[in-house]
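Please examine the structure displayed below, together with its sequence. The paragraphs that follow lead through the sheet, a helix and the metal site in turn.

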Amino acid sequence: MAFPRPVYYPPFNITRAGHMVLSVRDLARSRDFYTNVIGLVVSDEDADTIYLRGLEEIGHHSLVLEKTTGQPECCRIGLRVLTDEELEKAARHFTSIGLAPRWAEVPFQGRTLHVADPFGVPYELCASMTRVDRAIMKSMHHAGGAPLRFDHLQLHMTEIAKVCDFYTSLGFRTSDYLVAGPSEDLVGVFMHRKDIPWDLVFLRGSGPRMHHFAYVVSTAQDMFRACDCAGLFKFGPLVEHGPGRHGMGHVQFTYFRDPDGHRLELVLDAPHLMTDVENEPVRWDPEKRRNAIDWGNPPPRRWYDDATHFPGIEPKIMPMTPGRVALEDYLATFSR
Ligand SMILES: [Fe+2]
């Protein structure tokens, strides 16, 4: 398989994946979960919206929760660009390739551009937000997992090769990719703009859907404290998978489901930088993945099956990728 060459000089400068906008049914319950269990800080709130951020973040928000009476959805994914000039370039580029960008007024953000990618995933791009104090110095207020900053997100998509081509054309570089099946189809790509291996992760599955978004914590103990707080605040069953270690990516993790089913991952900081050109995409076939040093039980079946929908997008159904093992099947092998 010929892997697309990186585009070092893209049409405009995306710097990182920066925030999520999710809808939830009960703002008070979500606030309880995200502040007491995960440990995010509230930057602002009203009767319909809560704006949250990690402890070291100086931008106003990395998670926006909007009240809904309908199904909870992933309303938009936030990408940061370097300057407003890059936003202008982005608008021109998206228009030139047949997308339909439009300018939007968004509270606590600078000029903001809304656009859906060719697969229907809704994004909002901005270069700046209202500046707030870093909460990292106020240790007496740290709670739950004490997350530092927004890190990455993962989407389920049906046509990974096309997705990889599109995001490569926007300047995203690939740290790792997965192949599966007799024809070694591309079934996953880990793509980044910032200097670590991931901003946007795309895995083959029924989609487009948002599988999870992730915050970095300082230590593994922070993850355990988040799990303890989940138990303390009666969210214990929402600890879905982990703590464990990803073999691919070599990072420790814990996955939680929020009260509306949106999935959040706490991870330790990335194990290495991706800045230099020597960092070419690493290919992972099933054999190499079997030899990775992950540990812990496989995830429950719902970890593979469940994901958050985008507004107005009916996901295309895909069968589970061969070689993936769910906890229920793994445990069944012991009773035979
Ligand atoms: Fe992740």
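Through how many residues does a hairpin join E2 to E3? In this predicted model, the hairpin between E2 and E3 runs through three residues. Strand E2 covers residues 41-45 and pairs with E3 in the antiparallel sense, over four bridges. Within this pairing, Glu45 has Ile50 of E3 as its bridge partner. On to the next strand: E3 is also joined by four bridges to strand E4 (residues 63-67), and these two run antiparallel as well. Here Leu52 is the residue whose bridge partner in E4 is Leu63.

Strand E3 itself, residues 49-53, deserves attention. Five of its five residues are buried, so the strand is largely enclosed by the rest of the structure. In a regular strand, side chains alternate between the two faces of the sheet. In E3 both faces are covered: Thr49, Tyr51 and Arg53 are buried on one side, and Ile50 and Leu52 are buried on the other.

These strands belong to an open sheet of eight strands with mixed pairing, in the order E2-E3-E4-E1-E5-E8-E7-E6. Its edge strands are E2 and strand E6 (102-104), each of which pairs on one side only. From one strand to the next, the twist averages 30 degrees. Towards the E6 end of the order, strand E7 (residues 112-116) is joined to E8 by five bridges, and the two run antiparallel. Val115 has Tyr123 as its bridge partner in E8. Helix H2 lies across strand E5 (74-81), E6, E7 and E8, and runs at about 25 degrees to E7.

An α-helix has 3.6 residues a turn, so residues three or four places apart point the same way. After H3 comes Gly171, with a positive phi near 100 degrees.

The metal site remains. The iron ion is coordinated by His152 (NE2), His212 (NE2) and Glu265 (OE), at 2.0 to 2.1 Å. Along the chain, these donors follow the spacing H-x59-H-x52-E. His152 counts as buried because its relative accessibility is 6%, and Glu265 counts as buried because its relative accessibility is 2%.

Terms used: Residues numbered from 1 in each chain as written. Predicted model: local features only at pLDDT ≥ 70, side-chain atom pairs only at ≥ 80, totals over all residues. Heavy atoms only, no water. Donors = N, O, S within 2.8 Å, 3.2 Å for Na, K, Ca; no water. Buried < 20%, exposed > 50% of the residue type's maximum accessible area, 1.4 Å probe, protein only. Pairing = 2+ DSSP bridges. Axes fitted to C-alpha atoms, helices over the stretch in contact; angles between N-to-C directions. Contact = heavy atoms within 4.5 Å.
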